[in-house]
Amino acid sequence: MAAVTAGSGAGSGVGDSPEATGGSTGGGGWRRPHGPLQRYYGPSTAEAAEAAPDPTDINGPHFDPEVFMTKVRSECPLGQLLAREAALGREIRALDSDMQTLLYENYNKFISATDTIRKMKVDFRHMEAEMDDLAANMAAISASSARVSAALQDRHRRGAQLAGVQALLRKLQALVEVPGRLRRWAGTDPARALRCHARARAVLRHYRHLPSFRAIEDESHAIMADLAQRLRTRLREETLDPKELTECVEMLLQLEEPQEELSEEFLSQAGARLEAELVTLEAELPAPDPSGTATTPPPPASDILDFVDRGSSAFVGTLCQLAGSYRALFGGDTGRLEPFAAALATRYFSLLERRQTFFLGCLGDVRQALAAPRPPGKEGPGLPDLLATLAASVLGQLKAVLAYVQLFTARDVAFASLPYFKGEFCVTAVREGLVVAFVRWLCRTARGFADGPAERGAPAAPPALLLLLARLCLDYENSTISYILTLTDEQFPPQDSGPAVTPGPALCAEARAAAQRLLDHYVQVQGAAVAQMLRKSVETRDWLGTVEPRNVRAVMKRVVEDITAIDVQVGQLFEEGVRRAQSSDSSRRAFSVYSSSRAPGRYAPSYTPSAPMDTHLLSNIQKLFSERIDIFSPVEFNKVSVLTGIIKISLKTLLECVRLRTLGRFGLQQVQVDGHYLQLYLWRFASDERVVQGLLDEVAASAAHRCLDPVPMEHSVVELICERG
Amino acid sequence: MEDDAPVIYGLEFQARALTPQTAETDAIRFLVGTQSLRYDNQIHIIDFDDENNIINKNVLLHQVGEIWHISTSPADKGVLSTCYNKTSDTKVMTCAAVWRMPKELESGSHESPDDSSSNTQTLELLCHLDNTAHGNMACVMWEPMGDGKKIISLADNNILLWDLQESSSQAVLSSSAALEGKGQLKFTSGRWSPHHNCTQIATANDTTVRGWDTRSMRQIYCIENAHGQLVRDLDFNPNKQYYLASCGDDCKVKFWDTRNVTEPVKTLEEHSHWVWNVRYNHSHDQLILTGSSDSRVILSNMVSISSEPFGHMVDDDELSDQEDQHQEEKIKEPLQDSVIATYEEHEDSVYAVEWSSADPWLFASLSYDGRLVINRVPRALKYHILL
């Protein structure tokens with residue numbers, strides 16, 4: 001704006017002709033003092049000017065009237081030029097009047113400033129005289145003050161001396177009183193006595209060359225020795241709570257007793273105390289059950305949770321406290337603490353592990369639930385529910401234990417930072433000792449159910465329990481183990497350099513083996529039950545003198561019923577499994593047609609007396625083409641496989657039993673009817689109906705061999721009887 | 001190893017009964033009794049020529065009925081006993097009799113196999129063991145070391161001790177014992193112990209194994225629930241007097257010390273169905289033979305409970321070089337209890353297995369379809385045991 005004002009001011013001086021010379025000289029005089037200011041305040045304008053020097057911008061710093069004029073004259077029409085001229089004239093007038101106003105104002109301010117300066121000059125002259133006065137007065141004051149202090153100095157020194165003497169006397173008095181005080185407090189308040197002695201000790205030691213002080217020192221020493229002795233006996237004899245113990249040891253430390261010895265004593269004392277606690281805990285545990293089975297009623301779950309709660313709060317708390325105070329007392333010397341804590345923690349774990357009895361408790365519950373007579377009409381808890389309950393409670397239990405154990409590694413616990421607790425503890429104690437051992441133990445117990453009862457005498461586990469455990473183990477193999485291990489590793493991160501850990505897959509394999517064993521055993525038990533029924537029925541019947549069959553024998557119906565029940569039972573816990581699709585969509589009707597078309601062909605050669613060799617040949621040839629059937633073979637984890645196993649065992653038994661008997665004509669026919677009936681109802685349970693078919697064919701063939709008068713029943717009659725039955 | 005291949009012989013009829021000719025110690029000879037309800041039953045005398053690997057057979061007719069059990073006299077090669085079914089229209093009775101075979105067959109006349117079928121000969125009946133008062137005969141046992149004068153038969157729940165008099169033409173019941181109690185008390189099988197001066201026998205009924213003293217006819221021990229299910233067979237260790245093997249429907253073979261009957265010494269679980277037969281080798285009692293209705297015969301080596309000094313043997317694979325064997329003997333590991341071989345030549349249930357009385361390395365097994373298989377102990381193992 002200043003530049004513009006200047007420029008236009010110059011312009012107005014030469015009238016309406018905008019001459020460059022006048023503008024530039026007048027503008028230069030005005031512009032000069034503003035240069036630095038503008039440079040200071042307006043870097044932006046400067047920049048803008050540098051950036052785009054526009055000589056036609058009338059307000060710009062690079063305005064070139066010549067160029068402007070040329071431009072305007074060449075570009076604008078006449079009318080616009082006139083208008084522009086008028087506008088410029090107006091602007092110039094306005095700027096003129098502005099400048100006059102500014103000039104006037106500046107002048108006024110200059111006048112007032114001159115006045116002020118003149119007034120100040122007069123005032124200063126007056127002040128100078130007063131300042132001189134003040135300086136003189138101050139000198140006088142300091143002189144008199146020096147005098148006063150000189151006068152008082154001697155007295156002050158004497159006073160200070162007296163005060164010093166008095167303090168010394170008081171101290172001496174205290175020293176003299178020390179033995180008395182010590183004696184007084186030693187009995188009642190050893191801490192105070194200690195504090196007192198600690199204060200006096202340095203002085204006494206310093207002045208021991210003076211006989212009177214030495215007497216005092218000796219006396220107090222004797223007292224303190226006595227006190228130390230007493231503390232030691234206390235430390236040794238009494239069962240102190242950890243806080244007292246800590247205090248006691250702290251005091252002894254202050255008495256400059258040997259550290260080594262003290263730490264040892266401290267640990268032994270603490271050990272005894274923790275031991276006592278462990279023993280208390282142990283006493284609360286039920287006596288370990290030697291038979292391993294639920295012969296004694298296992299403690300209810302709540303008790304056990306309670307137990308862990310108490311164990312953790314009491315034992316772990318004490319241990320933490322002790323370890324903390326140990327560190328506080330004996331500084332960095334943790335070499336001895338480590339094994340100590342480790343040993344105790346290990347013992348504690350062994351206790352925790354004994355709580356695995358909990359699992360037995362669960363099993364006992366399940367067993368009871370299974371054995372409990374179900375109220376008629378009302379279905380008891382289903383197997384899946386039981387399984388879920390069992391699995392959940394066991395898992396919950398394990399988690400609880402882990403949570404409690406985690407107390408050991410909690411951040412605020414003093415020794416959590418010890419290397420032992422970081423590495424070895426996590427891996428050895430928790431992961432291996434607790435989790436892995438638990439899973440192993442679980443598998444072992446489960447296996448025990450399969451192996452144990454097979455031996456003589458021991459009460460057999462109910463089959464449903466076997467099935468349940470098999471499923472549980474399988475679940476462990478599939479998911480739970482990895483879950484538990486992940487959980488453990490999360491909570492107790494293992495050290496890289498730590499001892500080798502049992503890998504999850506190994507545990508899984510163990511669980512799987514256990515599951516397999518259990519399931520096999522289940523099949524054997526159930527198969528044996530059905531087989532026993534069949535064997536007894538074949539052995540006790542008079543096959544020679546029997547009458548013409550009118551019905552399927554009741555035992556066969558029973559067999560089918562039992563197998564159906566087993567099917568339901570297994571179906572609750574295991575998947576269906578794959579059935580070899582031979583005639584999967586064959587209805588009962590279709591199947592019976594299939595067998596009826598085949599059966600006569602099978603029987604025919606057996607009854608042709610002319611060729612005894614043919615029978616052989618035929619059955620041998622047939623055997624060549626059929627696969628060898630392993631009767632008691634491992635089963636897969638699905639319903640069909642389990643059922644097939646049971647059916648194979650049952651039918652093979654039937655075969656062997658029939659071979660041991662001699663049948664009459666009607667005996668043969670009865671076997672025929674029974675066989676057909678079994679075929680009708682059993683094929684759908686088996687994975688491969690040819691297995692059922694094959695075994696039943698062998699039964700029929702054997703029966704025909706063992707028959708004195710082999711006249712088979714008309715097949716339609718057989719069918720009819722079976723339909724009716 | 002070519003001559004280690006099994007030799008198979010087929011009978012026309014189904015068969016369950018097999019025995020070695022106990023009194024014969026030179027020739028390998030087995031007797032097989034057939035089971036047929038509609039034809040005359042036979043006893044096949046199987047001679048095995050070890051040198052040439054050839055089987056010679058002689059057939060004797062046994063017309064009284066199908067044979068369930070057969071045993072031979074330990075003293076007289078020509079004397080044997082059978083348990084057979086006598087069937088009438090409404091009743092089946094199992095009887096037992098002592099027979100004599102024709103003289104020329106006693107030590108095996110080596111006739112050619114092709115004309116054997118034409119000249120079947122008949123057994124000469126020596127005496128019946130009268131069981132009208134006692135029930136069905138399960139088996140007949142000869143006194144193992146005796147002169148062929150004493151036999152014991154098991155009939156339902158009775159143990160009957162017979163004296164054969166007047167050159168076996170008369171059987172006199174000298175003493176008997178009956179098993180009393182509730183439930184089904186039927187003996188399934190029994191063995192006469194060769195120890196204790198032949199005064200002990202063991203019997204099996206249901207799941208129980210019992211020991212008896214033949215002098216007082218009293219029970220001396222009882223293994224309750226020896227097996228989970230029916231006990232099928234027993235055998236005594238020929239070299240260790242208190243050791244007994246049993247097998248049964250729970251697919252297991254168990255070894256017992258009769259002085260402590262609460263727990264088996266050892267249990268084998270190799271079969272996948274009922275084990276019908278268990279036999280100790282007569283001279284090397286670590287060799288155990290079992291036959292099962294899973295159609296398999298299994299030869300096991302139970303070193304740890306045998307009379308053989310444990311740790312004496314060497315590993316199989318190092319047998320080839322016998323020169324080195326003696327030097328290395330001391331450092332070698334003892335052989336573990338193991339299954340030596342599983343024989344799968346049978347296609348039907350195997351109801352009988354027997355060691356040869358002449359050759360301790362040879363045994364026969366018989367399946368229901370009439371197939372008799374003669375096998376040998378693997379040569380490597382044989383040298384192992386011998387050297």
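Ser193(B) touches Pro144(B), Cys198(B), Gln200(B), Ile201(B) and Phe236(B), leaving out residues up to four places away in sequence; touching, or contact, means heavy atoms within 4.5 Å. This is a predicted model, in which local features need pLDDT of at least 70 and side-chain atom pairs count only at pLDDT 80 or more, while totals for chains, interfaces and linings use all residues. Residues are numbered from 1 along each chain as its sequence is written, chains are lettered from A and ligands numbered from 1 in the order in which they are written, and side-chain values use heavy atoms, with hydrogens and water left out.

Let us stay with Ser193(B) for a moment. You will find Ser193(B) in the loop between E15 and strand E16 (200–205) of chain B. Helices (H or I, at least four residues) and strands (E, at least two) are DSSP runs, numbered from the N terminus. Is Ser193(B) buried or exposed? Ser193(B) is buried, with a relative accessible area of 0%. Here buried means under 20% relative accessible area, exposed means over 50%, and partly exposed is in between (1.4 Å probe, protein chains only). The side chain of Ser193(B) also reaches the backbone nitrogen of His195(B), at 3.0 Å.

Now step back to the whole of chain B. Chain B has three helices and 29 strands, and 60% of its 387 residues count as buried. Among contacts in chain B with a separation of 6 or more, 52% are between residues 24 or more positions apart. For one example, look at Met93(B) in strand E8 (residues 92–100) of chain B. Met93(B) and Asn136(B) are 43 residues apart in sequence, yet their C-alpha atoms are 6.0 Å apart in space. Apart from neighbours within four places in sequence, Met93(B) is in contact with Tyr84(B), Asn85(B), Lys86(B), Asn131(B), Gly135(B) and Asn136(B).

Aromatic rings come next. A pair of aromatic rings is described by the distance of the centres and the angle of the planes. Over all chains, a search of the whole structure finds eleven aromatic pairs. Rings of Phe, Tyr and Trp (its six-membered ring) pair if their centres lie within 6.5 Å; planes under 30 degrees apart count as stacked, over 60 as edge-to-face and the rest as tilted. Phe187(B) and Trp212(B) form an edge-to-face pair, 6.4 Å centre to centre with 80 degrees between the planes. This pair links strand E15 (residues 187–192) of chain B, which holds Phe187(B), to strand E17 (residues 208–213) of chain B, which holds Trp212(B), 25 residues apart. Phe187(B) is buried at a relative accessible area of 5%, and Trp212(B) counts as buried at 4%. Why is the pair of Trp276(B) and Tyr351(B) edge-to-face? The ring centres of Trp276(B) and Tyr351(B) are 4.5 Å apart and the planes stand at 65 degrees, so the pair is edge-to-face. Because Trp276(B) lies in strand E23 (residues 275–280) and Tyr351(B) in strand E27 (residues 350–355) of chain B, the pair ties together parts that are 75 residues apart in sequence. Trp276(B) and Tyr351(B) are also in one aromatic cluster with Trp274(B) and Tyr368(B).

Side chains of opposite charge can pair when their charged atoms come close. The whole structure has 28 salt bridges over all chains, a salt bridge being a side-chain nitrogen of Lys or Arg within 4 Å of a carboxyl oxygen of Asp or Glu. Asp47(B) forms one with Arg29(B), with the closest N and O atoms 2.8 Å apart, and both Asp47(B) and Arg29(B) are buried. Arg376(B) and Asp50(B) meet in a salt bridge too (2.8 Å, N to O). Arg376(B) lies in strand E29 (residues 371–376) and Asp50(B) in the loop between E4 and strand E5 (54–62) of chain B, so this pair ties together parts 326 residues apart in sequence. Arg376(B) is buried at 14% relative accessible area, whereas Asp50(B) is partly exposed at 32%.

Finally, look at where the two chains meet. The contact takes 52 residues from chain B and 35 residues from chain A. Together the chains bury about 3600 Å², 45% of it on carbon and sulfur atoms; buried area is the accessible area (1.4 Å probe) that two parts lose on being put together, summed over both. Between chain B and chain A the count is two salt bridges. Glu66(B) forms a salt bridge with Arg706(A), with the closest N and O atoms 2.4 Å apart.

How values were computed. A polar contact is a pair of N or O atoms within 3.5 Å; within protein, one must be able to donate a hydrogen and the other to accept it, and residues adjacent in sequence count only if both atoms are side-chain atoms.
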